[in-house]
Structure formats: C-alpha cells, structure tokens
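Welcome, and thanks for taking a look at this one with me. Here are some notes to keep beside you as you turn the model around.

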Amino acid sequence: MRTPPPASAAHGRATTKCPYAGPTLDAADPAFAADPYPFYAALRDNGPAAQVLLANGSKAWLVTGYDQVRTVLADGRFSNVPPRDAGRPKPDSPAQRVRALLVRHMLNTDAPDHTRLRRLVTATFTPRRVDALRPRIQELTAELLRDIPRGTEVDLVNAFAFPLPVLVISEVLGVPPTDRSALREWTYRVGSPADALPPGSLDEAWSSLHAFFSSLIEDKRRSPGSDLFSSLVHTELNSDELLAMAFLLLFAGYETTMNLLASAVLLLLSHPDELEEPHWPHVVEETLRHASPLEAATWRRTVEDVWLGGQHVPAGASVLGVLAAASRDPSRYPEPDAFRPQRWAGLGAPPSLAFGHGPHYCIGARLARLEALISLPALFEALPGMRLAMDPAQLPYRPGLLVRGPRTLPVRTHQSSRTPPPQGHAHA
C-alpha cells in the first residue's frame, strides 16, 4: 500500500519538514482545492481512516471510506459539540463576534439539544411547504436567465449559480423584496476571500447581516408572514437560537446549491454526450456524488475509543468524515472517478452522502434538489450552444475541506440563445 504524499508536495509545492511521520495536508493549497481526489484515494489505500497533520499544526483523523463515513455521521460516539473554545474566535472584530454566534447552531449540538432544534425545523420545512416553492423558483430562474447577455462571455457563478439560491433562501426567510439586493451583496462578501475585498468590507458585511436578521426576527414577531422562517420565529427558539438559525439557513441554503449548480454545468459542458438526452434526476444525483458540494461534514470529536475499519481512533480525537472521498470509494461505486449519470438508473447505486447521513442529514436537501431540477433544464434550454470559455483545469476553487465548487465558471453564450419563457412557466 502506498503512503499518501503531503498534499502540497503531490501538487508540486515544497513542504516544511516536521517530526510527524504521517501524511500532511495544506487544505488552502489551490491545487489541492481544485483536485483533492488523488490525495484522498492515496489516503484510503492505506485504510478508511488516517491521521494527518494540518497546516495549522494540529492533527486530525480524516475518514475516507464510504461505510466508515456513514458511521461517523450517525454514531453517537462521534460528538458534534466542539471542545471548549475550540474554533471560537475572540470577539475583537465585528466579523469574529458574529461568527461566534454561528457556533451555537444545531450542527454543533448533540442530543437532546439537537433533537429539540431539529424537531422544530423539520416541523416547519415539511416536504409540502418546500414543494410549494416550485412556482416561485421557476419565476426567479426565468428572471435571471433573461438578464444573462447573449453572444458574450459570462461568469455563470456570479450570473446564475450564486444569485438563484440566495433569492430562493430569501423567499424561505421572508426577506422583503426591497432588502434582497443588499442581502445578496452582504452574502457575496462574507463568502469571498478576505484578501479580495476592500479593507473593512468584510466586517461591515457581517455587522450588517447581524443587524438585518435581528431586525427581521423582531418584525416577524410583530407581523408574521407566510414564509417558513416566520413559523420558526413563533416557536420556543430564543433570540440567540433564532439568529444562529437564520445564519445557518442562509449559508447552508446557498452554498450547497450554488456549488451543485456550478459543478453540474461544468460537468455537462465537459461531457457534451450527456446533454443529448439528459435525465435530470440522474444528472443531479451523479453531480452530488462526483462533485460533492460539501467536501466534508462538520468536525466530530470522539467521546470514547473507536475502531473504524480496523483503525483505532482514540477518545478526544478530531475526526472529519470526508463526503467527497466517500462518494468516490471504489468499493461502493464502480469507476468512481467517471461522471456517469446512468449509474443511478433503477437506483442501482448506494445512497449519496452529499447531504450527510443520520440525525444531521441536511434539512435543505429537498430544496437544493428542487432548485437544481428546475433551473438546470431551464438554463440549457435558454442557452443552447453554451460552451466553456476556460480550461476546466485552470478554474479556481474554494479552499478545501468544507464546501467545494468553482469560484468562477466563465462560459460563452451563443448569440441566438432563446429567450426564457414568461414568469411562472420556466421549463421544469
């Protein structure tokens, strides 16, 4: 069995020697972010769980086997509660103060707190209420497609994959139409690299989001609407829990779907044969598997000694279930590195782990799939002849280990692209 090389060395970057003998990982390495799969495959060759040294000097266990990741996600011996003060930024800037609120969300809790929070959310986000958003998603899709210029180069992340889920989650949160442009701008800034923004811009965006959601919650207490978030405001959740829930819904609601849409377009344009007679549910499921929009689940901590695939993981260890690696485990998926939507025909493939598994399974999975199933056919119908305007190997990606998707997706549209249908009649 081969020993995984340091991730940065595997991609041509020098590494600093250290006494740790195992694999090292610099998740911020742009080359690793663009293609982490060789590192994960080499890691898995030596077993489904392995300890690695991260760039910040800490050690963590990365779990790459499909069955073992399912265990990490569902087994109570892996706690979601962060160690005291771990990852909690000191409140010395507006951005850090708001981020400190986010650690209180339900993804960082165990039963019984998690059970209580999830019960309240799932009672609100019922399949019926999610499916009722279909007409509005069709309208928003059509509006965005009409604004995409024809016969020129367009970044589909900025023009489509990012704004659509932000607009949809605005519907879920009941954000007034007059505030949606500002929400989109703040969300764009907090999701961008800090060094790409003007000084103070990031802190201003975080502060504005905090003030906006605080005001939104009070407004909905006084005058609830028909949106899903109004229902949550009128539950037993306290103010801090509602703020954390609002941020969680915002970021979980757009990040995953944005990466799903961008990756699906990239894969289809890179595999034009799949566009001849696309079966969209299979395309969406294969994109979730092949290019998991969540590279890994949230960090877990072992509360006792655990054995994973014959590997002993001690109590108190930091553990990361790598969804992107589990989704390419060759013991579960033949030809795991190939993009083959037909593998989902007749549900012949094991369940995708892109949205997690067990008690923390993503509550927004149904909404993300609905957005993709509506918007992707409409996009390719409105922009026939669309092609990539950049070598896929050169596309910049988000830093690894959390969410995964291209930062930009330049495409060239055809001059004769079709005009999208009127609002409410977008192709679904």
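1. A word on the basis. This is a predicted model, in which local features need pLDDT of at least 70 and side-chain atom pairs count only at pLDDT 80 or more, while totals for chains, interfaces and linings use all residues. Residues are numbered from 1 along each chain as its sequence is written, and side-chain values use heavy atoms, with hydrogens and water left out.

2. Start with the largest nonpolar core, which has 92 residues. (A nonpolar core is a set of buried Ala, Val, Leu, Ile, Met, Phe, Trp, Tyr and Cys residues joined through side-chain atoms within 4.5 Å; buried means under 20% relative accessible area, exposed over 50%, and partly exposed in between, with a 1.4 Å probe and protein chains only.) Leu156, Leu209, Phe213, Phe229, Val265, Leu379 and Met386 touch the most other members. Helix H14 gives this core its largest share, 20 residues. There is also a second, separate core of 20 residues, with Val69, Leu308, Val319 and Ala326 among them.

3. Next, look at the second largest pocket, with a volume of about 390 Å³. Of its 15 lining residues, Ala34, Leu266, His290, Tyr397 and Arg404 are the closest to its centre. (A pocket is an open set of points on a 1 Å grid over the protein atoms alone, where a 1.4 Å probe fits, with protein on both sides within 12 Å along at least five of seven lines; lining residues have an atom within 4 Å of a point. The volume is the space filled by probe spheres set on the points.) Helix H14 (residues 239–270) supplies the largest share of the lining, 4 residues. The lining divides into 8 nonpolar, 4 polar and 3 charged residues.

4. How many salt bridges are there? The count comes to 21, where a salt bridge is a side-chain nitrogen of Lys or Arg within 4 Å of a carboxyl oxygen of Asp or Glu. Arg136, Glu139, Glu143, Glu171 and Arg180 are linked in a network of them.

5. Arginine 398 and glutamate 255 form a salt bridge with the closest N and O atoms 3.1 Å apart. This pair links distant parts of the chain, 143 residues apart: arginine 398 lies in the loop between strands S10 (387–388) and S11 (410–412), and glutamate 255 in helix H14. Arginine 398 is buried at 14%, and glutamate 255 is buried at 12%. In the other pair, arginine 222 and aspartate 219 come to 2.4 Å; they are 3 residues apart in helix H12 (residues 201–222), so about one helical turn separates them. Here arginine 222 is exposed at 59%, and aspartate 219 is partly exposed at 34%.

6. Finally, two backbone details. The peptide bond from alanine 111 to proline 112 is cis, with omega near 10°, and proline 112 sits in the loop between helices H5 (94–102) and H6 (113–124). Glutamate 335 has a positive phi, near 50°, in a residue other than glycine. Where is glutamate 335 found? It is in the loop between helices H16 (323–326) and H17 (365–382), and glutamate 335 is exposed, at 52% relative accessibility. (Helices are DSSP runs of H or I, at least four residues, and strands are runs of E, at least two, numbered from the N terminus.)

Technical notes: Nonpolar A, V, L, I, M, F, W, Y, C, P; charged D, E, K, R; others polar.
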